[in-house]
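Here is a short briefing to read alongside the model.

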Amino acid sequence: MSLLQNIKDYIPVNAQEERDKEAMLQFMLKNPNYLDRENQTAHFTTSIWTVNQERTKTLMVYHNIYDSWSWIGGHADGIEDLCSVAMRELQEETGVRNAVLVDRNIYSLEILTVDGHVKKGIYVPSHLHLNVTYLAEADEKEALTVNIEENQAVKWWSFEEALRISKEPWMVEHVYRKLIEKSR
């Protein structure tokens with residue numbers, strides 16, 4: 001099934017998702033390069049909300065660019081199967097190899113603002129990430145590794161801790177809190 005159809009089929013859980021879903025669909029119809037970061041206004045990204053089997057903890061990375069603990073994810077870079085991109089990002093950013101995707105259906109939608117920054121010596125202007133999130137379960141005893149190009153640390157946090165350790169108030173209130181509620 002196409003990404004467009006997956007987003008059309010997704011049932012939003014709140015007003016933020018309703019509005020973001022509609023904006024994503026409109027953007028896709030008007031911008032054929034919506035999967036590529038060459039579109040400097042907005043492009044699709046994917047995240048993976050990774051929880052332990054008891055669904056009491058989440059796996060987070062200390063992100064280099066955002067200078068904060070955050071979920072795991074990355075750019076579509078032309079790949080429409082965002083689910084596979086999310087699983088690849090989980091492995092690349094944390095070293096987790098045995099995670100299980102709970103469902104190939106979209107877990108949440110959100111449009112995220114990205115401030116201008118320098119990556120690999122090149123300035124990247126402020127833009128939007130049209131983000132599709134998936135849910136995975138992993139064994140918190142599995143060995144973790146840091147991907148120094150992306151993050152400084154990888155760690156399991158209780159849901160309560162995850163809400164406290166992030167330095168991004170909007171993400172805490174509008175994304176992580178929503179994902180935690182859905183996880184329970």
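In helix 3, the buried residues are L82, C83, V85, A86, E89, L90, E93 and T94, where buried means under 20% relative accessible area, exposed over 50% and partly exposed in between (1.4 Å probe, protein chains only). Seen down the axis of helix 3, these buried residues fall within an arc of 160°, so they line one face of the helix; the arc is that of the directions from the helix axis to the C-beta atoms. Please keep in mind that this is a predicted model, in which local features need pLDDT of at least 70 and side-chain atom pairs count only at pLDDT 80 or more, while totals for chains, interfaces and linings use all residues. Residues are numbered from 1 along each chain as its sequence is written, and side-chain values use heavy atoms, with hydrogens and water left out.

**Helix 3**

- Helices (H or I, at least four residues) and strands (E, at least two) are DSSP runs, numbered from the N terminus.
- At 1.5 Å a residue, the 13 residues of helix 3 should span 18 Å, and its end C-alpha atoms are 18 Å apart, which agrees; the expected span is 1.5 Å times one less than the number of residues.
- Just after helix 3 comes G95, with a positive phi of about 85°.
- E92 and R88 meet through their side chains in a salt bridge (3.4 Å, N to O), a term for a side-chain nitrogen of Lys or Arg within 4 Å of a carboxyl oxygen of Asp or Glu.
- Both E92 and R88 lie in helix 3, 4 residues apart, about one turn of the helix.
- An α-helix has 3.6 residues a turn, so residues three or four places apart point the same way.
- E92 is partly exposed at 40% relative accessibility, and R88 is partly exposed at 32%.

**Strand 6**

- Of the 7 residues of strand 6, 6 are buried, so this strand is largely enclosed by the rest of the structure.
- Strand 6 pairs with strand 9 in the antiparallel sense over 7 bridges; pairing requires that DSSP finds at least two bridges between the strands.
- E110 stands opposite N131 in strand 9.
- E110 also belongs to a network of salt bridges with E17 and K178.

**Nonpolar cores**

- The largest nonpolar core has 32 residues, and those with the most contacts inside it are L3, I7, F44, L90 and V132. Such a core is a set of buried Ala, Val, Leu, Ile, Met, Phe, Trp, Tyr and Cys residues joined through side-chain atoms within 4.5 Å.
- Among the elements that give two or more residues to this core are helix 1 (3-9), helix 3, strand 6 and strand 9 (127-137).
- A second, separate core of 19 residues includes W49, V51, L135 and W157.
- Not counting residues up to four places away in sequence, I7 touches K21, M24, L25, M28, F44, I106, L109 and V132, with contact meaning heavy atoms within 4.5 Å.

- The structure holds 12 salt bridges.
- R37 and D77 form one through their side chains (2.8 Å, N to O). R37 lies in the loop between helix 2 (15-30) and strand 1 (42-51) and D77 in the loop between strand 4 (72-75) and helix 3 (82-94), so the pair ties together parts that are 40 residues apart in sequence.
- R37 is partly exposed, at 34% relative accessible area, and D77 is partly exposed at 39%.
- D81 and R104 also meet in a salt bridge (2.9 Å, N to O). D81 lies in the loop between strand 4 and helix 3 and R104 in the loop between strand 5 (100-101) and strand 6 (108-114), so the pair ties together parts that are 23 residues apart in sequence.
- D81 is partly exposed at 33%, whereas R104 counts as exposed at 52%.
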